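The sequence and the structure are shown first.

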Amino acid sequence: MPPPRASSADPQPSPAQIATAIADFLAQHPAAAVLEDGKVLFDLRTAKHEISTAHDRCTLHLWSSDGDARNMVRRILSVEARNNSLRLQTQRFGQSQSKLLELVADRERRTPTTRETSRTRYLRTLERILQREFPDWKPEAFRTAMDLEKSFGPAYVRGSLLRGNQAWAVIGANDAETATTIDAILTLGILWLHHCREHAGGRRLYQGLKLVLPRGTATLTLSRLAWLNNEAAQWELYELSQSTEELTLKDPVDQGNLRTRLIHHPDETAGAERFANAIQQILALIPPSEHHRVDQRLRTTTELAFLLHGFEFARARVVPSSTNFEHTLAITVGAGPHETPLTLATRDQLAATITELFARRRAFVPTTDFGRRGTSPLRRIGSAAGFTAAHSRSNIATSPPPQQNPTQDPLYRAVPERWLESVLRADLAPLTRSLAPGPNHPATSQPAASANDPDPDTLGNRADPTSASGWPIHDGSIVMSGEPRVSDELQPAPRAIPRLDPHHVYAQVPAIAGASDRGLLDLLGVTADGRLAVIELKADDDLHLALQGLDYWIRVRHHHLQTADSATGLGEFQRHGYFCGIELSPHPPRLYLVAPALHIHPATELILKYLSPRVEWNLLALDERWRSQIRVVWRKHSNHP
């Protein structure tokens with residue numbers, strides 16, 4: 001039987017329970033290994049480890065003892081026992097993005113030789129089962145060969161089922177693969193279907209895609225499958241028990257309880273009062289000229305983080321006192337093994353460390369003016385403070401440490417997605433502003449709009465000008481800034497791109513889905529017409545950008561559709577403290593996928609074409625100098641009016 005699905009009512013394990021589960025597993029399996037994406041990071045027969053539950057969180061510290069000085073510290077968010085292994089949802093200190101690690105009983109289970117053997121055995125098993133289950137169809141050209149040009153790796157068995165000139169593309173993964181690999185199968189499946197159709201040469205008609213997943217692992221893929229375009233292809237998902245060779249067709253409509261829950265948004269005003277002393281102490285370590293660069297993020301009602309362009313460098317926590325029933329304020333600087341309590345004895349050393357961080361992690365002023373930037377209201381907890389993006393107000397008089405290229409500094413390059421998130425939280429306007437003006441069309445000033453604004457212009461910006469020399473953006477094409485229109489008669493009517501409300505934007509909203517889900521969507525906002533906006537950010541190439549964004553869109557839609565409170569009329573988001581005072585539209589959310597132009601994976605646009613027309617998406621490509629200033633250089637969108 002497949003394991004039970006988690007529901008929103010399931011209690012979360014305490015740090016002590018998580019630590020006990022890990023300790024028990026390691027006690028039973030002294031030859032265990034730690035894996036990430038199938039690669040062995042630590043062999044615990046030689047490596048050392050320490051489990052801590054200090055500060056009301058479970059922390060796993062791993063380090064090597066064979067002279068190569070490897071060291072890793074992770075906060076453990078949850079554990080899941082499966083197939084003689086323990087899957088750990090982890091988080092690096094100073095980052096909000098989670099990552100899956102796997103504790104396996106024996107590292108030999110996942111050596112290259114055993115991986116290849118298990119995949120070859122699975123290929124033969126799958127061919128035999130498909131021949132039995134579909135006797136009128138012939139399996140052909142099943143393989144696991146790597147094809148990096150097409151993004152196909154050896155973890156997936158792929159091939160075709162043929163009957164005359166009819167065909168199905170097939171892709172499968174065996175139960176020895178990691179949860180991350182299994183959850184990524186739909187992206188690779190769509191690419192495989194497209195590849196098969198391109199190379200059919202008109203001889204065969206590929207009806208659609210059949211996916212074969214291990215039993216009990218289809219939850220996330222099923223939720224995605226329900227939002228693909230049934231006009232573009234037929235989609236079928238099967239779960240396979242390799243021990244019994246039983247193949248079961250799964251219905252995307254029947255997904256059971258969607259694995260998602262909301263956490264109440266903490267009151268930022270109350271948080272500012274509760275942590276006033278901590279804020280004063282941390283800001284005292286920072287030169288006054290740099291205070292505007294500090295982003296204060298209220299994680300929970302008892303924890304406040306201090307960040308510099310998304311990099312967490314200090315935190316304050318309300319913790320129980322060890323001597324009485326009262327609570328005390330604990331302030332630390334640094335992360336992981338370098339996290340140091342702020343005391344009179346450590347104050348000067350920590351101040352010097354923070355000063356060096358602020359000098360090395362700063363954006364460099366570009367030589368080109370990208371145009372006028374909008375302004376955002378001054379906020380402290382919950383946003384970077386200031387009237388424009390924090391990075392654009394950096395004091396560049398302070399020189400970084402001597403080096404050939406400051407942009408190669410590890411502190412500059414760390415957590416780029418969190419840096420991008422901090423920039424956009426401070427100023428969302430560039431995402432829905434028209435493309436940069438052409439030579440003869442200077443940008444005109446537009447007043448900032450907020451949700452439910454009665455002004456008619458809140459319907460949106462016009463991204464497609466009507467003049468022949470404008471900056472066209474239309475369905476199914478990309479036109480760069482300043483490029484002339486071929487003919488006005490051939491272009492569609494201008495398309496409204498609603499402005500994002502700068503006053504209501506939330507970061508790190510929990511959206512718990514599958515085993516390898518990151519667990520947090522990047523930004524959640526609302527457009528001027530009251531539609532929710534899911535904003536998925538990437539700073540580096542990611543083949544799975546489109547479907548990860550879809551995951552969060554599905555969960556936001558799910559919460560938005562929950563029945564409003566009969567007494568107050570508020571929906572689930574508003575009952576949890578989000579979008580207070582905003583009348584949200586009953587329409588589904590909009591999805592915004594945002595990444596630097598040179599880091600949008602070539603397959604992203606292809607994947608988006610297979611999404612259901614019910615998903616309204618926008619793909620926004622940023623200028624590569626986004627740390628200095630946000631500028632959308634091209635934009636694509638779904639075919640919505």
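## Surface and basis of the model

How much accessible surface does the protein chain have, and what percentage of it belongs to carbon and sulfur atoms? The accessible surface comes to about 28500 Å², of which 52% belongs to carbon and sulfur atoms, with areas taken from the Shrake-Rupley method using a 1.4 Å probe and, for residues, only the protein chains shown counting as cover.

The model is predicted, and local features need pLDDT of at least 70, side-chain atom pairs count only at pLDDT 80 or more, and totals for chains, interfaces and linings use all residues. Residues are numbered from 1 along each chain as its sequence is written, while side-chain values use heavy atoms, with hydrogens and water left out.

## Overall organisation

The secondary structure of the protein chain comprises 14 helices and 27 strands, where helices (H or I, at least four residues) and strands (E, at least two) are DSSP runs numbered from the N terminus. Of its 641 residues, 55% count as buried, a term that means under 20% relative accessible area, with exposed meaning over 50% and partly exposed lying in between (1.4 Å probe, protein chains only). Among contacts (heavy atoms within 4.5 Å) between residues at least 6 apart in sequence, 65% join residues at least 24 apart.

## A six-stranded sheet

Six strands form an open sheet of mixed pairing in the order E8-E9-E10-E11-E12-E13, two strands being paired if DSSP finds at least two bridges between them. Strand E8 (138-143) and strand E13 (246-250) each have a single partner strand and stand at the edges, so one side of each is left without a neighbour in the sheet. Neighbouring strands of this sheet are turned by 25 degrees against each other on average, direction ignored.

Within the sheet, strand E11 (residues 205-214) and strand E12 (residues 234-241) pair in the parallel sense over seven bridges, and Leu209 stands opposite Trp235 in E12. Helix H4 (residues 185-198) packs on the sheet, touching E8, strand E9 (157-163), strand E10 (166-172), E11 and E12, and its direction makes about 155 degrees with that of E11; axes are lines fitted to C-alpha atoms, for helices over the stretch in contact, and angles run from 0 to 180 degrees between N-to-C directions.

## Nonpolar cores

A nonpolar core is a set of buried Ala, Val, Leu, Ile, Met, Phe, Trp, Tyr and Cys residues joined through side-chain atoms within 4.5 Å. The largest has 68 residues, of which Leu211, Trp235 and Phe579 touch the most other members. A second, separate core of 24 residues includes Leu285, Val294, Leu304 and Leu308.

## Salt bridges

The whole structure holds 33 salt bridges, each being a side-chain nitrogen of Lys or Arg within 4 Å of a carboxyl oxygen of Asp or Glu. Glu312 and Arg315 meet in one of them (2.6 Å, N to O); Glu312 is buried at 5% relative accessible area, and Arg315 is buried at 6%. Both residues belong to a network of salt bridges that also links Arg57, Arg299, Glu303, Arg317 and Glu339.

The side chains of Lys636 and Glu605 also meet in a salt bridge (3.2 Å, N to O). Lys636 lies in strand E27 (residues 632-637) and Glu605 in helix H14 (residues 604-609), so the pair ties together parts that are 31 residues apart in sequence. Lys636 counts as buried at 9% relative accessibility, whereas Glu605 counts as partly exposed at 24%.
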